[in-house]
Amino acid sequence: MASARSDAKQSDFEREAVPHMDVLYNYALRMTGNVDDASDLLQETYFKAYRFWDKYEKGTNIRAWLFRIMKNSYINRYRKESKEPDTVDYDEVKNFYNTIRHESIDPNDLQERLFGNLLEDDVAKALESLPPDFKTVVILCDIEGFTYEEIAEFVDCPIGTVRSRLHRGRKMLQVKLFDFAKKQGYIGHD
Amino acid sequence: MDCTETIEYLSAFVDGELQVGPRKEMETHIARCLSCRSEFELERMTKGIVRAKISTQKVPASLQIRILQELEKQGMARETVGDKVRRAFRFVASGLRQPALRPAVLLGAALVLGVVAFLLFLRREPAAPRGELEASDLVQQAVFHYSSYLNGDMPLQYVSSDRTELQNYFQQKVAFDVYMPKMAEAQLIGGFLCEHTGGKFVNFIYKADNKVIFFSVACSKEMKTKGKFRLSAQAETDLDRTGWHFDTSRTACNVALWKENDEVCSVVADMKKEELLALLKDDEQ
């Protein structure tokens, strides 16, 4: 009897919050770029969620709620400044793309020529280097496959913001990926 | 649609988030405008690369267990010490304001305080939360450690799913051979060592179909020389005759016992005897 209330809370929490651990772990992994930090972040998120469980409104989107806790924890932990790349860098990608574009009609072939040799690690690193707001929407859209509406609820901003962040986030990512590919000699220097 | 608008809605176009009308307009513009077409192809490509190269992972089982165990502990500690005591005091105070109820309330409060103090006393010693083990019977001791683990009173000392790593870790801590069953159908979570009246037990936690399987190994010589733990007469007879002893007298779990050279092994799980046996039989090949 003494712990009936905490038992109920515990089982409620386990039933509702625990099934979303995988999605949150993946987000943590892509945001931090390593397993240890991702584990810490996941742990912190679940502890906080449990502590504030009575603040969660039953019937609302639990995943969005957990997600916001994780995002805030992430921001508090890793307040590092990541700079947006200059537009000059971006022009370089586009110019290069336009030159090889003349040589080939099939876009799949172009993708292969530009980025085909990149490894998962390269792509993960490039993604990790983006500023948090941009990285977040790219992860949620391109890795987790959420709709704009869901993402807007997760990050607590209008759909238009999600859209523009995605566009800019992907452009930054292009520059990073292009740099990787160039440095490692996957693509030519001129 | 012009270039500025196209770029503004480009990501929505790539992600299939545009309504039919704007989508058609966008298609027409992109077909005509080389610059926007490049932008579009690059954005689509970038999305494609992220999707193709980055895989999704599952939360490691050990991490999940660690989080759940910690939550359980946090929940209990806070509920007992915080809210409950405060609520009890409010209740007592309101009773004391009514003279007719005073004696009854005081007596009740004294009783409650006694119980709370007793519970807190039990909580103080996480290694033996239910007091010392009364019986020296090995089966009872295995069941005791199994339920202590489930209650969160016995945290894992080493969390890993790697059998060799776990075995090496605990081998350094005891003088007997740390035997571990493979149980191919179950996943290893981690282990903990405990000591009871002179005998050491190495315990491992496995999981299969979300059920906890507790495995414990102890040295039978150590048991005999230190004289504290024993097998029941029935268990001794069963082991001699068939090599196995089962205890299916409990509702919450069943126990299987057997010997490996000088070590006595026991397995406890909320599973039927046949299921337990099937898990363990894997090892015999």
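At what angle do helix α3 of chain A and helix α4 of chain A pack, and how many Å apart are their axes?

Modeller: This is a predicted model, in which local features need pLDDT of at least 70 and side-chain atom pairs pLDDT 80 or more, while totals for chains, interfaces and linings use all residues. Residues are numbered from 1 along each chain as its sequence is written, and chains are lettered from A and ligands numbered from 1 in the order written.

Helix α3(A), residues 35-51, packs against helix α4(A), residues 62-77, at about 125°, and their axes are 9 Å apart. Helices here are DSSP runs (H or I, at least four residues), numbered from the N terminus. Angles run from 0 to 180 degrees between N-to-C directions, with axes fitted to C-alpha atoms over the stretch in contact. The two helices are therefore oblique to each other (under 35 degrees is roughly parallel, over 145 roughly antiparallel, 65 to 115 roughly perpendicular, the rest oblique). The crossing is right-handed (the near helix is turned clockwise from the far one by less than a right angle).

On the α3(A) side, the contact is made by Leu41(A), Glu44(A), Thr45(A), Lys48(A) and Ala49(A). On the α4(A) side, Leu66(A), Ile69(A), Met70(A), Ser73(A) and Tyr74(A) take part. Contact means C-beta atoms, placed from the backbone, within 7 Å. By class, 6 of these residues are nonpolar, 2 polar and 2 charged (Ala, Val, Leu, Ile, Met, Phe, Trp, Tyr, Cys and Pro are nonpolar, Asp, Glu, Lys and Arg charged, the others, including Gly, polar).

Chain A also touches chain B, in a contact that takes 43 residues from chain A and 34 from chain B. On the chain B side, α4(B) gives the largest share, 12 residues.

Conventions
Contact = placed C-beta atoms within 7 Å.
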